[in-house]
Amino acid sequence: VNFLRKREALQPFIIFCHARSSSSRLIRTLQQHPKIHCAGEIFNKKGDWAQTNYVIPLFGKAQYESDLSPDEFLWEFYKKAAKHDNKAIVGFKIFIDHQPANLQRKWILDRRIKKILLSRRNMLQAGRSFQLASQTKQYAKRPGKDVELPQPFDVNVKHMRNWIERNNEWLQECREL
């Protein structure tokens with residue numbers, strides 16, 4: 001069976017988002033569609049779960065172990081994921097720090113790639129959630145498990161302000177591009 005028929009040409013997309021923006025929920029929702037392959041953070045060197053579930057089954061090794069440039073890896077991922085799952089619409093999510101800004105700008109400007117820009121309106125709440133996740137190393141709530149809060153949980157105001165400003169600037173640049 002030809003995995004990409006003429007009427008089902010490859011349709012790549014990228015979800016540009018920041019941490020704590022409900023991007024994992026969006027991915028789970030998109031994965032429910034029979035024609036969409038949506039992966040997690042395939043360019044996150046710290047994202048073992050994403051590498052194990054989305055990259056290694058296609059490439060046999062993690063993205064950061066690959067000899068391919070990030071741009072080459074991107075297009076190989078699209079092709080391999082489409083063929084592997086027999087789905088024409090293929091995408092993943094990426095955060096500001098997963099690849100250099102100039103490369104992400106290139107992908108935003110590439111007309112072959114559809115873009116989703118996902119942001120949480122309340123960046124203060126997102127920043128607080130990010131700090132909590134960073135301190136507890138609990139980045140995703142697992143079904144049936146409560147998040148264990150550190151005692152005490154202190155908010156680093158300077159770090160949060162920098163995180164919010166950096167993400168807001170990046171989001172604004174994405175919107176302008």
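Biologist: How many disulfides does the chain have?

Modeller: This is a predicted model, where local features need pLDDT of at least 70, side-chain atom pairs count only at pLDDT 80 or more, and totals for chains, interfaces and linings use all residues. Residues are numbered from 1 along each chain as its sequence is written, and side-chain values use heavy atoms, without hydrogens and water. A disulfide is a pair of cysteine sulfur atoms within 2.5 Å. By this rule, the number of disulfides is 0.

Biologist: Are C17 and C38 buried or exposed?

Modeller: Buried means under 20% relative accessible area, exposed over 50%, and partly exposed in between, with a 1.4 Å probe and protein chains only. C17 has a relative accessible area of 0%. C38 has 2%. So C17 is buried, and C38 likewise counts as buried.

Biologist: What is the strand order of the sheet?

Modeller: Strands are DSSP E runs of at least two residues, and helices are H or I runs of at least four, numbered from the N terminus. Two strands pair if DSSP finds at least two bridges between them. The sheet is open, has 4 strands and pairs in parallel. Its order is β2-β3-β1-β4.

Biologist: Which are the edge strands?

Modeller: An edge strand of this sheet pairs on one side only. That applies to β2 (36-38) and β4 (114-118).

Biologist: Which residue in β4 is the bridge partner of F13?

Modeller: Strand β1 covers residues 11-17 and pairs with β4 over 5 bridges, in the parallel sense. In β4, F13 has as its bridge partner K114.

Biologist: In what order do the elements of the chain run?

Modeller: The chain has 6 helices and 4 strands. From the N terminus on, they run β-α-β-α-α-β-α-β-α-α.

Biologist: What share of the chain is buried?

Modeller: The chain has 177 residues. Of these, the buried share is 41%.
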